[in-house]
Amino acid sequence: MSLYDLTTDHVLTMIDRSLKDKERGLGKKDVEVTDEAKQHLADFAGGDIRNAINALEVAVLSSDPDDEGVIHIDLEIAKECIQRRGVRYDGGGDEHYHYASAFIKSLRGSDVDAALYWMMAMLEGGEDPNFIFRRMLIQASEDVGMADPHALSLVNAAHEAFTKCGMPEGLYFLAHACIYVALAPKSNSTGAVFSVRSEIQNNGIGEVPPHLRDKTANSKQSRYLGIENASDDYHYPHSHDHHWIPQDYLPDDVKDKQWYEPGNIGRESKLWDRLQKIKEAYQKASEKKR
């Protein structure tokens, strides 16, 4: 026995049967479907009656009856229900995680078209726009980070604008944030915080070096931000060229460790290069004094 796709005529016949079947179809409802709408559903089915019947069901269940209780399905409604049917997104099921994962990975991979596509797939499926903004806020730090520190501010501003304007104009703010994060230079160096957390969780916290301790810690008027309260061995950076002076800020047992690994793209590389140049200038000045 061979299997074959149904022809368009077969699908049209099954659509009519479904409209009349009161037990397994839509016969209990008073539904009128134009010939153009039926033809469109049949063409969409691609030889699979389930596609046509499911789309028809979406159209009937999402349409209001007229004053006489009749549900009218025309070509425009048929087209719209097929678009809805094409979104297989379930905000509470596995598809939620699959779509969100595709969106996140597209942003991280700087594929702006794919990022917009998966974002719209989620929105069309009924996803809360605030969830999408939360994901973009996270990525602005996790995947863009110091390469473009402005990304976080931009996404946050877009989210605020969205809350003030709502939909459908809010799509502009969603797109604005999505496009920016996708096109922004990427750096995951902010992940250093998790390496530091692991260090502390595994090895505990070392003692604060003597020169970093607050001389007035026992005073109710301790002013830890001022120079006058620092220990005698503490060097106040603002009193030196470039507002920097070499000194140890970590406990002795970890002072040689480095968790932060700077990226070499965008703003981050410029910030890191600036600091290295200051250190080099200080080193050269120190060597001349010797």
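## Overall make-up

Helices (H or I, at least four residues) and strands (E, at least two) are DSSP runs, numbered from the N terminus. The protein has 11 helices and two strands, and from the N terminus on its elements follow the order α-β-α-α-β-α-α-α-α-α-α-α-α. This is a predicted model, in which local features need pLDDT of at least 70 and side-chain atom pairs count only at pLDDT 80 or more, while totals for chains, interfaces and linings use all residues. Residues are numbered from 1 along each chain as its sequence is written, and side-chain values use heavy atoms, with hydrogens and water left out.

Of the 290 residues in the protein, 32% are buried; buried means under 20% relative accessible area, exposed over 50%, and partly exposed in between (1.4 Å probe, protein chains only). Contact means heavy atoms within 4.5 Å. Among contacts with a separation of 6 or more, 61% are between residues 24 or more positions apart.

## Nonpolar cores

A nonpolar core is a set of buried Ala, Val, Leu, Ile, Met, Phe, Trp, Tyr and Cys residues joined through side-chain atoms within 4.5 Å. The largest one has 26 residues, of which Phe103, Leu107, Ile132, Phe133, Met136 and Leu174 touch the most other members. Two or more residues of this core come from each of α5 (94-108), α6 (112-124), α7 (129-144), α8 (150-165) and α9 (170-183). Another core, of 21 residues, lies apart from it and includes Ala37, Ile49, Ala52 and Val60. In soluble globular proteins, nonpolar side chains tend to be buried together.

What is Phe133 in contact with, leaving aside its neighbours within four places in sequence? The residues are Val155, Ala158, His159, Phe162, Phe173, Leu174 and Ala177.

## The largest pocket

On a 1 Å grid over the protein atoms alone, a pocket is an open set of points where a 1.4 Å probe fits, with protein on both sides within 12 Å along at least five of seven lines; lining residues have an atom within 4 Å of a point. The largest pocket has a volume of about 540 Å³, where a volume is the space filled by probe spheres set on the points, and grid points are joined across faces, edges and corners. Its lining has 17 residues, and Lys257, Gln258, Trp272, Leu275 and Lys279 are the closest to the pocket centre.

Both α10 (192-203) and α11 (266-289) supply at least two lining residues, and α11 gives the most, with three. The lining divides into 11 nonpolar, two polar and four charged residues. Here Ala, Val, Leu, Ile, Met, Phe, Trp, Tyr, Cys and Pro count as nonpolar, Asp, Glu, Lys and Arg as charged, and the others, Gly among them, as polar.

## Loops between helices

Gly145 is in the loop between α7 and α8 and is buried, at 6% relative accessibility. Beyond neighbours within four places in sequence, Gly145 is in contact with Ala140, Ser187 and Thr190. Gly145 and Pro185 are 40 residues apart in sequence, with 8.8 Å from C-alpha to C-alpha.

Ser110, in the loop between α5 and α6, has a phi near 60°, a positive value in a residue other than glycine. Ser110 is partly exposed, at 35% relative accessibility. Pro168 is in the loop between α8 and α9, and the peptide bond from Met167 to Pro168 is cis, with omega near 5°.

## Cysteines

The whole structure has zero disulfides, a disulfide being a pair of cysteine sulfur atoms within 2.5 Å. Cys165 is partly exposed, with a relative accessible area of 46%, whereas Cys178 is buried at 0%.
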